[in-house]
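Visitor: I am new to this structure. Please show me how to read its features.

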Amino acid sequence: MKKKEIEPFFATLQAANPEPETELEYTTPFELLAAVLLSAQATDVGVNKATRKLFPVANTPQAILDLGIEGLEGYIKTIGLYRSKAKHLVEACRMLVDKHGGEVPRTRAELEALPGVGRKTANVVLNVAFGEPTMAVDTHIFRVGNRTGLAPGKTPLEVEQKLMKRVPPEFRLHAHHWLILHGRYVCVARKPMCWKCAVAPYCDYKPKTPAP
Ligand code: SF4
């Protein structure tokens, strides 16, 4: 994708969805952090189903600690890898209570120091909860970044760094949401729906998938 094509690429995605939001349901930074921790290799729909029951009972680090690992497992059993996720979430809550007064910290280093929190999770929390223009590269963004030629890279970190360099500042806050949604619903893994893709004129992928 040429530099001059990047602006219309994002302007087109923006026009279709001016205020994109995460599909995970949350009302506080801690709920968001917990939901993102639970969402690895699981669908947002599946996580929402579990957290709709969990959060009314426990939506603070201390309340999750009070629930304990077994109690927590009871709420998240329907989510893949729930045992290790329960362990990580309880350990993270312990650290939040002990070191951060029960609040979610706002720096990447402090977030990544929490058990179970990697670079991608930290990026989601920084972006969605605290409004920082970070790029949380998941499988969809990795694919779209490479396929379109917007941000080619061999690793998620490479794609993230290219995005930070190439996405114009005015689109940086929402860029990762637009790319995730585009990858989830249009530029899908097996057969991208190029025939109904609004950004096809700017995308390098060839040959484009024809209409069925
Ligand atoms: S034209 Fe096809 S490959 Fe390119 S972004 Fe659209 S759906 Fe994806």
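Guide: Start with a term. A cavity is a set of grid points where a 1.4 Å probe fits but cannot get out. Note too that this is a predicted model.

Visitor: What takes up the space of the largest cavity?

Guide: The ligand does.

Visitor: Which residues surround the ligand?

Guide: Arg147, Thr148, His182, Cys187, Pro192 and Met193 are among them. Cys194, Cys197, Ala200, Cys203, Tyr205 and Lys208 also belong to the surround. By type, this shell divides into eight nonpolar, two polar and two charged residues.

Visitor: Now the cores. Why look for them?

Guide: In soluble globular proteins, nonpolar side chains tend to be buried together. Here the largest nonpolar core has 37 residues. Ile64, Leu72, Leu89 and Leu111 have the most contacts inside it.

Visitor: Which helices each supply at least two residues of this core?

Guide: They are α2 (29-38), α3 (44-57), α4 (61-76), α5 (82-100) and α7 (119-129). Helix α2 gives the most, with eight residues.

Visitor: What does Leu111 touch, not counting residues up to four places away in sequence?

Guide: Leu111 touches Val104, Pro105, Val117, Ala122, Val125 and Leu126. Another core, of 23 residues, lies apart from the largest one. Val144, Val159, Trp178 and Cys197 are among its residues.

Visitor: Is Gly68 buried or exposed?

Guide: Buried means under 20% relative accessible area. Gly68 has 18%, so Gly68 is buried. Gly68 is found in helix α4.

Visitor: How far apart are Gly68 and Ala86?

Guide: In sequence, Gly68 and Ala86 are 18 residues apart. In space, they are 8.8 Å apart, C-alpha to C-alpha.

Methods: Residues are numbered from 1 along each chain as its sequence is written. This is a predicted model: local features need pLDDT of at least 70, side-chain atom pairs count only at pLDDT 80 or more; totals for chains, interfaces and linings use all residues. Side-chain values use heavy atoms; hydrogens and water are left out. A nonpolar core is a set of buried Ala, Val, Leu, Ile, Met, Phe, Trp, Tyr and Cys residues joined through side-chain atoms within 4.5 Å. Buried means under 20% relative accessible area, exposed over 50%, partly exposed in between (1.4 Å probe, protein chains only). Helices (H or I, at least four residues) and strands (E, at least two) are DSSP runs, numbered from the N terminus. Contact means heavy atoms within 4.5 Å. A residue is near a molecule or strand if one of its heavy atoms lies within 4 Å of it. On a 1 Å grid over the protein atoms alone, a cavity is a set of points where a 1.4 Å probe fits but cannot get out, and a pocket is an open set with protein on both sides within 12 Å along at least five of seven lines; lining residues have an atom within 4 Å of a point. A molecule sits in a cavity or pocket if more than half of its atoms lie within 2 Å of its grid points. Ala, Val, Leu, Ile, Met, Phe, Trp, Tyr, Cys and Pro count as nonpolar, Asp, Glu, Lys and Arg as charged, and the others, Gly among them, as polar.
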